[in-house]
Amino acid sequence: MTVMTLEPLLWARCNQSLVAKIIGECAYEECWEPTPLSKGEYELVIGDRSYRFHARQSIWGWLQVDPESIRCQGQEVSSATEFLVNAQPDLKLNDIDLGNLLEEIQNTLYSTYRQQERLLAYTAGDMVQLPAEELQSLLDGHPKAIANKGRIGWGTEELALYAPESGQSVRLQLLLVHRSLCTVGYEPETDPWHLLQLHVSDEQNQVIDQLLKDRGTTRSEYYPVPVHPWQWQRHINVQYQAWIQSGDIIPVGELADDYLPQQSIRTFSNLRDRADYDIKLPLTILNTSCFRGIPGKHIETGADLSQWLSSIVSEDPLLSGLVVQREICGIHCRHPVQEQVAQTPYRYREMLGVVWRESLQKFVNQDEQGILMATLMQCDSRGKALVAEYIRRSGLAPEAWLRELFSKVVVPLYHLMAKYGVGLVAHGQNISVILRDHVPVRVSVKDFHGDLRIVDQDFPELADMPMQVKACLTRFPAKYLIHDLVTGHFVTTLRFISPLVEEQCGVTEARFYALLAESISKYQKQHPELAARYELFPMFTDTILKVCINRVRFRIGYADSAERPIPELGTPINNPLVLDRVTEHDYDTAS
């Protein structure tokens with residue numbers, strides 16, 4: 001029996017931090033409304049318990065709660081699960097859903113503890129010098145989801161072997177899957193067998209050929225499909241056993257390369273020096289909002305979509321600083337029996353498949369560094385923000401650095417939407433920033449399976465998008481598509497960066513968003529030919545929609561569903577880009 005030995009003070013600190021996050025995010029999502037007592041002090045009454053704490057109200061109306069200040073009836077709060085049990089009536093959770101949420105929270109606490117334990121060894125200065133793959137393993141994870149490391153289906157052994165914060169590499173298994181079970185899409189010259197040669201030795205090639213020869217068949221009848229070792233033993237070896245016995249699926253064995261899980265947990269970086277491709281694989285575990293499989297819907301058109309996006313980027317000078325990490329090849333392997341069940345839980349349709357995607361490192365020069373946008377909201381164990389460290393090392397004044405960030409990240413994303421009607425869910429894991437001398441110089445986008453949508457109008461600029469691609473994409477009215485940028489990037493990413501910049505770099509949140517507004521206004525003035533599109537995709541409305549992701553889990557619970565869950569909407573929030581509406585009196589400044 002292996003017994004966990006956790007350091008009590010660090011465990012208590014992880015609980016306090018999570019309680020602070022739950023209070024702040026659930027207040028933002030309007031599950032409750034803490035009462036201000038005096039400047040910076042609040043009270044939250046839950047049932048017969050009173051919680052008091054210190055907090056700053058950000059420009060978004062979000063409370064940044066000081067974890068160490070939280071007291072319940074005068075006593076320190078040291079258990080996130082006890083807090084949620086007390087909060088059950090306010091969160092409108094039934095017993096079944098609360099029990100499942102508590103499991104997610106316990107898993108999150110354990111993984112957060114392991115991440116924070118590793119973080120103790122690094123300063124912000126150390127972290128900004130780490131290789132991109134290693135740096136990802138130290139990040140906090142999804143900033144809005146209270147159970148952001150839920151990973152229902154994994155225990156301590158799996159977490160130690162496969163979770164990003166473990167920092168452990170993994171070797172993938174290889175299957176050969178009969179083409180009759182597969183949906184595929186790939187660019188010319190990057191078919192699955194061509195890509196396989198990047199992963200196998202001559203000896204392994206001989207093993208593959210012999211396995212096929214023994215069955216009286218050839219490579220032309222099969223596709224190579226890498227699979228995560230846990231997914232293989234937990235799901236594929238059992239659920240696809242009939243097709244293993246029939247020879248439609250042929251297990252080959254372990255691939256030679258070492259892969260490191262990225263922050264998104266199911267995408268893996270090849271640790272060979274500057275490998276060109278990452279691999280995205282299904283992991284049938286419930287994490288943050290859904291089971292992390294690979295849907296078949298976009299597989300056939302993924303490579304075509306990537307090529308189309310790359311082509312418009314290469315032809316538009318305003319997008320010269322936008323890097324497209326193309327999804328060059330994808331395979332989805334259906335489960336022949338589950339596919340006969342019309343309303344089967346979606347996770348059973350997404351168990352086996354693979355996507356090869358261009359790695360960020362392929363586009364990063366030797367004198368540059370590529371980082372997830374989420375890196376800029378990260379602090380070291382002493383509270384020093386990495387964004388402050390990058391600014392310090394750049395030698396630029398903070399406002400000058402922010403102007404570079406907004407012009408290199410937000411403006412290209414907005415231009416892509418305004419001119420082409422393309423929206424990308426631009427959260428901190430989909431967007432990467434490329435730095436030179438610690439200054440933003442380019443932005444990279446990825447993950448187009450379900451996270452790229454287009455406007456529901458016939459823009460001329462969309463005319464050359466392949467029809468089969470257009471037919472697969474979700475189409476939104478412009479007033480909703482704009483939230484891929486406003487909610488996906490401003491609320492989900494910049495909301496967590498701007499307070500750090502205020503506190504550690506001296507640029508107030510009002511000034512932070514004034515600089516962002518200036519960058520967008522400058523772009524609009526320089527390109528009056530798109531004025532009608534700016535009306536369609538307005539950035540300076542008085543209010544913007546509030547998307548609530550935690551409330552969805554509270555409402556729908558944990559029952560299986562044929563479809564992935566969608567967010568709920570709260571009361572619209574004041575838009576901090578509207579300069580005449582936002583001043584430093586509308587929120588608590590760091591001073």
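**Second largest pocket**

I looked up which element gives most to the lining of the second largest pocket, and found that the largest share, five residues, comes from β19. The model I am reading is predicted, so I kept in mind that local features need pLDDT of at least 70 and side-chain atom pairs pLDDT 80 or more, whereas totals for chains, interfaces and linings use all residues. Residues are numbered from 1 along each chain as its sequence is written, and side-chain values use heavy atoms, with hydrogens and water left out.

I noted that α5 (132-136), β12 (267-270), β13 (277-280) and β19 (368-372) each supply at least two residues of this lining; helices (H or I, at least four residues) and strands (E, at least two) are DSSP runs numbered from the N terminus. The second largest pocket holds about 500 Å³ of space, and of its 29 lining residues, Pro131, Ala132, Glu133, Ser269 and Gln361 are the closest to its centre. A pocket here is an open set of points on a 1 Å grid over the protein atoms alone, where a 1.4 Å probe fits, with protein on both sides within 12 Å along at least five of seven lines, and lining residues have an atom within 4 Å of a point. The volume is the space filled by probe spheres set on the points, which are joined across faces, edges and corners.

I then sorted the lining by residue class and recorded eleven nonpolar, ten polar and eight charged residues, where Ala, Val, Leu, Ile, Met, Phe, Trp, Tyr, Cys and Pro count as nonpolar, Asp, Glu, Lys and Arg as charged, and the others, Gly among them, as polar.

**Salt bridges**

I took a salt bridge as a side-chain nitrogen of Lys or Arg within 4 Å of a carboxyl oxygen of Asp or Glu, and by this rule the count comes to 33.

I looked up Arg555 and Glu568, whose side chains meet in a salt bridge at 2.2 Å, N to O. Arg555 lies in helix α19 (residues 550-556) and Glu568 in strand β26 (residues 568-574), so this pair ties together parts 13 residues apart in sequence. Glu568 is buried, at 17% relative accessible area, while Arg555 is partly exposed, at 49%; buried means under 20%, exposed over 50%, and partly exposed in between, with a 1.4 Å probe and protein chains only.

I also found Glu461 in a salt bridge with Arg533, their closest N and O atoms being 2.9 Å apart. Glu461 is in the loop between β23 (452-455) and α14 (467-472) and Arg533 in helix α18 (residues 531-536), so the pair ties together parts that are 72 residues apart in sequence. Arg533 counts as buried, at 12% relative accessibility.

**Two buried serines**

I placed Ser69 in the loop between β4 (63-65) and β5 (71-72), where it counts as buried at 12% relative accessibility. Leaving aside neighbours within four places in sequence, Ser69 is in contact (heavy atoms within 4.5 Å) with Arg52, Phe53 and His54, and its side chain reaches the backbone nitrogen of His54 at 2.8 Å.

I found Ser359 in the loop between β18 and β19, buried at 3% relative accessibility. Not counting residues up to four places away in sequence, Ser359 touches Ala275, Asp276, Tyr277, Asp278 and Gln325. I also noted that Ser359 and Glu327, 32 residues apart in sequence, are 9.7 Å apart in space, C-alpha to C-alpha.

Conventions: A polar contact is a pair of N or O atoms within 3.5 Å; within protein, one must be able to donate a hydrogen and the other to accept it, and residues adjacent in sequence count only if both atoms are side-chain atoms.
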